[in-house]
Amino acid sequence: MAPEEIIAAVGGGLPPEVGCEADHRGVMLRVPHGHWLAALAFARERLDCDFFDWLTAVDEADEGFSVVVHVYSLAGRHHVLLATPLPRSSPRLPTATGIYRGAAWHERETHEMFGIGFDGHPHLAPLLLPDGFEGHPLRKDFVLAARVAKEWPGVKEPGERPVPRAEQPAPGAQQPVPGAERPAPGAERPVPRARRRGPPHVPDGWGPA
Amino acid sequence: MTGATPSTDGLPARSRGVIALLEENCTVCMLCARECPDWCIYIESHQEPVPGTEYGGEDPARAPAGRGRQRVRNVLDRFAIDFSLCMYCGICVEACPYDALFWSPEFSYAETDIAALTHEQGRLREWMWTVPPPPAHDEGQRPPQD
């Protein structure tokens with residue numbers, strides 16, 4: 001099916017709240033979560049998308065989460081992406097395993113990595129993380145232990161001797177600029193030094209525990 | 001690619017096997033270590049005075065390089081890449097403004113001890129001799145500017 005045919009079929013078969021647009025390889029459906037199972041069933045039955053490729057989530061920060069599914073038609077060779085927004089406070093969706101049995105693993109992984117609940121899932125147990133692991137590591141507010149425990153190799157200035165750990169800045173912390181204070185009259189003016197920088201791409205508030 | 005005895009024959013020049021260091025070109029600017037998303041590049045250095053720029057006091061005649069401050073240069077003491085952490089993104093190679101880091105297609109450096117995957121300066125330099133020449137420019141391409 002061509003993208004235009006899929007869009008026409010969605011317009012005729014799904015409620016108008018379901019957004020539908022062509023993307024670079026197929027069609028993207030933006031589904032309110034109340035219509036999630038209906039949209040999946042529609043993709044499987046009416047759009048002939050019999051191949052379940054993957055299900056995952058995206059942490060959209062203040063806008064909550066998106067759960068995204070990619071399905072494919074082996075006969076028609078067309079791709080369909082389905083995405084649904086979920087609130088950050090209580091991210092829950094009904095399970096897709098009744099429509100695509102292969103979604104079971106993907107929902108288990110999404111559950112442990114993002115903390116998204118899938119109501120009605122037959123066995124929503126952790127899949128990949130070690131026993132007793134706390135937190136959801138693919139959420140953007142999850143602090144990576146390796147970034148806290150390890151010293152940032154870029155903390156040293158060119159030509160500088162190793163910096164003792166105690167003098168290293170916490171990532172994202174505002175550092176006083178040495179030499180910015182006005183020296184007492186007659187005192188030797190200290191050589192101003194560049195502000196010691198923290199590691200890039202590490203959020204504020206992370207740092208040595 | 002798949003064969004009984006894997007070799008680098010036939011691999012394109014852009015292959016990402018291992019990262020080589022030409023330490024003469026390294027100015028210890030720290031850009032690669034700071035850009036590395038995996039924090040797997042370790043650099044240690046110190047500063048040495050540049051001969052001939054000693055501060056000669058207030059008398060300009062005695063100061064070979066005028067009355068400015070003593071000039072110093074950075075000297076590399078250690079450059080190591082931990083290939084057990086490296087994800088082969090090549091950001092360090094791209095970030096280096098001084099052509100000190102290069103991709104080599106060599107990939108046969110498996111180890112039984114994870115610590116041995118940290119290649120120090122000497123070993124990174126040995127990879128340098130396996131770096132292929134850059135591919136020829138395309139026909140009709142603008143000539144290189146440098």
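Start in chain B: is B:V28 buried or exposed? B:V28 is buried, with 25 other C-beta atoms within 10 Å. (Buried means 20 or more other C-beta atoms within 10 Å of the residue's own, exposed means 12 or fewer, and partly exposed is in between, with C-beta atoms placed from the backbone.) Look at its backbone too: phi of B:V28 is near 60°, a positive value in a residue other than glycine. You'll find B:V28 in the loop between β1 (18–21) and α1 (31–35) of chain B.

Some housekeeping before moving on. This is a predicted model, where local features need pLDDT of at least 70 and side-chain atom pairs count only at pLDDT 80 or more, while totals for chains, interfaces and linings use all residues. Residues are numbered from 1 along each chain as its sequence is written, and chains are lettered from A and ligands numbered from 1 in the order in which they are written.

**Both chains, coloured by secondary structure.** Chain A has four helices and seven strands, in the order α-β-β-α-β-β-β-β-α-β-α. Chain B has three helices and five strands, running β-α-β-β-α-β-β-α from the N terminus. (Helices, H or I of at least four residues, and strands, E of at least two, are DSSP runs numbered from the N terminus.) Of the 209 residues in chain A, 24% are buried; for the 146 residues of chain B the figure is 18%.

**Select A:36–45.** This is helix α2 of chain A, and its buried residues are A:W36, A:A39, A:L40, A:F42 and A:A43. They sit on the same side of α2(A), because they cover an arc of only 160° around the axis, the arc being that of the directions from the helix axis to the C-beta atoms. Now show what covers them: α1 (3–13), β2 (26–30), β4 (65–72), β5 (79–86) and β6 (92–94) of chain A are included.

Which residues have the most contacts inside the largest nonpolar core? They are A:L29, A:A39, A:L40, A:A43, A:V80, A:L82 and A:I116, in a core of 32 residues. (A nonpolar core is a set of buried Ala, Val, Leu, Ile, Met, Phe, Trp, Tyr and Cys residues joined through C-beta atoms within 7 Å.) The largest share of this core, five residues, comes from α2(A). Apart from it lies another core, of 22 residues, with B:A20, B:C32, B:C36 and B:I43 among them.

**Zoom in on A:A43.** Beyond its neighbours within four places in sequence, A:A43 is in contact with A:C49, A:V71, A:V80 and A:L82. (Contact means C-beta atoms, placed from the backbone, within 7 Å.)

**Step along to A:D48.** A:D48 lies in the loop between α2 and β3 of chain A. Here is another positive phi, about 65°, in a residue that is not a glycine. A:D48 is partly exposed, with 19 other C-beta atoms within 10 Å.

**Last stop: where the chains meet.** The contact takes 15 residues from chain B and ten residues from chain A. On the side of chain B that touches chain A, α1, β2 (41–49) and β3 (72–82) of chain B each supply at least two residues. Select β2(B) there: β2(B) gives the most, with seven residues. Colour that side of chain B by residue type and you get nine nonpolar, four polar and two charged residues. (Ala, Val, Leu, Ile, Met, Phe, Trp, Tyr, Cys and Pro count as nonpolar, Asp, Glu, Lys and Arg as charged, and the others, Gly among them, as polar.)

Notes. Two residues are in contact if their C-beta atoms, placed from the backbone, lie within 7 Å.
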